[in-house]
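Q: Could you take a close look at how the helices in this chain pack against each other, and walk me through the contacts and ring pairs involved?

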Amino acid sequence: MENVTEPRTEELQEQNTVEQPAETVATAAEEVIENNTPAYQIPDTKEEIVARITEIAKSGDAGSRIEQDQLKQAFYKLQREERTAAQTQFVENGGDPQDFTPEEDPLEEEMKAQLIIIKEIRAKQIEDKEKLKETNLQKKKDIIEKIKALCTSPDEANKQYETFRNLQNEWKEIKPIPESAANEIWKQFQFCQDQFYDLLKTNSALRDYDFKKNLEAKTLLCEAAEKLVDDPDIIKASHELQQLHQEFREIGPVAKDLREDLWTRFKAASTAINKRHAQYFESLKEKEEENLSKKTAICEEIEAIETENLQGFSQWDGITKQIISLQEEWKTIGRAPKKSNTKIFERFRAACDNFFNKKSEFFKEQKKVYADNAAKKLALVEKAEELKDSTQWTAATNELVKLQKEWKEIGPTTHKTSNALWERFNAACNEFFDKKKTVLGDQHKEENENLSKKKAIIEKLEAIAIEGGDNVAESVKQLQDEWASIGHVPYKNKDKIYAKYKETIDKINKEFNLRSRKQTKSGRKDSDRPAPTGNNLIRIYENKKAELATYENNITFLTSTSKKGSVLIDTMLKKIESLKAELANLAEKINQQNQTPAETVTQTPTNEENTAEQTETTE
């Protein structure tokens with residue numbers, strides 16, 4: 001998703017990009033030094049940053065691009081910090097990080113608008129400077145033509161000396177011209193000056209005076225150049241040397257016998273400075289190659305990141321933090337060689353964009369999956385809410401357990417949606433099971449009461465076995481009928497109480513030989529007594545009934561949270577249905593033989609009340 005707001009490469013400002021002055025072309029080394037020098041005071045807030053950029057735009061002067069780059073970088077840094085804090089607060093309030101969308105920043109739009117104005121101002125200034133250079137070049141060409149016109153004869157040269165001096169001064173006042181024409185125009189100017197001085201033979205005093213003044217001026221330039229040889233700031237020294245060379249060119253000639261020595265002195269200082277300058281560039285070149293290696297390694301590290309197996313926010317967030325860390329590291333590395341700097345940055349940007357684009361695509365698809373999962377869970381919630389008021393305990397329990405299993409098999413949704421759906425689903429399940437627990441609790445109370453009744457019957461039978469009497473058969477028959485009319489007892493006591501009952505009945509039958517004795521007092525004949533087949537049917541009926549109770553009780557201890565458990569439940573349910581059918585058939589046969597009144601032998605109820613509560617699943 002990419003709602004999550006991590007820094008994108010479009011916000012990264014490529015370092016060390018300094019606008020070239022219109023009149024000179026700065027070297028790569030100079031750009032690095034100027035850009036790394038904190039020459040500007042950057043405001044602490046976004047509002048102050050935008051105010052400063054607006055101030056520059058309104059001034060009509062484009063100013064320093066270095067300052068503008070620093071202002072822009074500081075603005076985006078503050079913006080990223082604000083958005084990170086907002087996203088953190090959003091998550092702490094229960095929001096899904098992928099649902100976070102940063103608010104629009106009106107200050108950013110205002111800053112961009114002002115930067116466009118500054119860019120237009122800068123373009124106009126550069127255009128004006130280029131026009132000025134061409135105008136100045138033409139002025140210097142005009143001066144050269146005027147000096148040529150003064151060099152027609154010695155007499156003419158003597159008469160026009162003041163005019164010549166004025167043209168020299170005018171030449172010095174004209175500054176920027178196109179670099180491509182600088183050397184050639186200077187040579188032409190020097191040639192015309194020398195030609196004029198050569199013609200100025202008749203006024204040697206004036207010529208010697210000029211030679212002297214020019215010697216003094218050029219000697220001072222030599223001394224200034226020699227001081228620059230030991231200047232620790234080689235870049236500043238190189239700039240100043242260029243200015244000295246410009247001044248040296250503009251000063252007129254000296255006496256012929258001094259020209260070569262003077263130039264040799266000035267050239268020696270220049271050579272020493274240029275040598276240091278070259279050495280500096282050589283070391284800088286090595287540093288730039290080292291920077292290129294570091295930046296290449298960062299690109300390779302990002303390009304090697306595998307995104308195919310990334311799942312979930314935490315994994316994507318971990319890689320995102322890794323890339324942001326690499327972006328921060330990139331900012332600390334200086335320029336690469338000029339021929340590679342743009343190319344390596346484009347590679348870096350492409351690698352970052354590739355990751356963030358894949359992240360965005362993943363979370364778009366993830367949102368679709370979350371929506372589908374939410375729809376499936378909502379359907380389960382609605383089914384559970386329909387079942388919560390059911391009194392069909394066994395059927396409803398099985399259905400809810402099935403719904404709980406399906407819930408677990410459905411994938412995740414967004415955090416907020418998942419919690420809301422789970423609360424509804426869990427509430428419906430709990431409401432049903434709480435009601436079931438209350439009802440079954442009452443039934444367990446009834447079972448305990450039935451147990452007490454059956455114990456009382458056994459005590460009466462034991463008394464008959466000891467005391468006997470004339471009406472033993474009738475008494476036993478009445479107690480058996482009473483036993484049959486009593487409902488279920490707790491499962492854990494069922495086998496034990498029945499065994500005790502059967503043991504006592506068998507003891508009485510054996511002791512009093514009830515099966516062979518004729519009960520003439522009751523008016524019945526032996527042929528009226530239930531045939532042995534009927535007794536067998538009753539015994540089979542009781543055994544089947546006990547078996548059914550066992551299965552119904554055992555199924556309450558199973559859940560369908562596993563495949564094995566689900567299969568076992570299905571098998572036991574089929575067995576229960578089979579036993580119920582067999583009991584119905586036996587009851588019909590017993591009633592047909594009139595061995596037990598039809599109203600006392602009935603089909604065993606579904607016994608839903610014996611199905612214990614299934615264990616609710618947890619999300």
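A: Let's begin with T54, which is found in helix α2 (residues 46-59). Its relative accessibility is 12%, so T54 counts as buried, the cut-off being under 20%. Setting aside neighbours within four places in sequence, T54 is in contact with E110 and Q114. Keep in mind that this is a predicted model.

Now for helix α4, spanning residues 106-150, and its partner α3, spanning residues 65-92. Two packed helices are described by the angle between their axes and the distance between the axes. Here the axes of α3 and α4 come within 12 Å and cross at roughly 170°. That angle is over 145 degrees, so α3 runs roughly antiparallel to α4. On the α3 side, the residues that meet α4 are R65, Q68, K72, F75, Y76, Q79 and R83. Facing them from α4 are L107, E108, M111, K112, L115, I118 and R122.

Stepping back for a moment, the chain has 18 helices and zero strands. Of its 619 residues, 39% count as buried. If you take the contacts with a separation of 6 or more, residues 24 or more positions apart account for 80% of them.

S270 gives you another buried spot to look at. This serine is found in helix α10 (residues 256-303), and S270 is buried, with a relative accessible area of 3%. Leaving out its neighbours within four places in sequence, S270 is in contact with L241 and H245.

On to the rings. A search of the whole structure turns up 26 aromatic pairs. One of them is W330 with F348, a stacked pair with 3.9 Å centre to centre and 10° between the planes. W330 lies in helix α11 (residues 312-332) and F348 in helix α12 (residues 338-387), so this pair ties together parts that are 18 residues apart in sequence. Both W330 and F348 are buried.

Compare that with W407 and W422, whose ring centres are 5.6 Å apart and whose planes are at 55°, so that pair is tilted. This pair also links distant parts of the chain: W407 is in helix α13 (residues 393-409) and W422 in helix α14 (residues 415-467), 15 residues apart. As for burial, W407 has a relative accessible area of 3%, so it counts as buried. W422 is buried too, with a relative accessible area of 16%.

Last, have a look at where charges meet rings. The charged end of K218 sits over the ring of F248, 4.5 Å from its centre. R249 lies over the face of W186, at 5.2 Å from the ring centre.

So, if you're planning a tour of the model, start at the α3 and α4 contact, where the axes cross at roughly 170°. From there, go to the stacked pair of W330 and F348, and finish with K218 over the ring of F248.

Key. Residues are numbered from 1 along each chain as its sequence is written. This is a predicted model: local features need pLDDT of at least 70, side-chain atom pairs count only at pLDDT 80 or more; totals for chains, interfaces and linings use all residues. Side-chain values use heavy atoms; hydrogens and water are left out. Helices (H or I, at least four residues) and strands (E, at least two) are DSSP runs, numbered from the N terminus. Buried means under 20% relative accessible area, exposed over 50%, partly exposed in between (1.4 Å probe, protein chains only). Contact means heavy atoms within 4.5 Å. Axes are lines fitted to C-alpha atoms, for helices over the stretch in contact, and angles run from 0 to 180 degrees between N-to-C directions. Angles under 35 degrees count as roughly parallel, over 145 as roughly antiparallel, 65 to 115 as roughly perpendicular and the rest as oblique. Rings of Phe, Tyr and Trp (its six-membered ring) pair if their centres lie within 6.5 Å; planes under 30 degrees apart count as stacked, over 60 as edge-to-face and the rest as tilted. A charge sits over a ring if NZ of Lys or CZ of Arg is within 6 Å of the ring centre and within 35 degrees of the ring normal.
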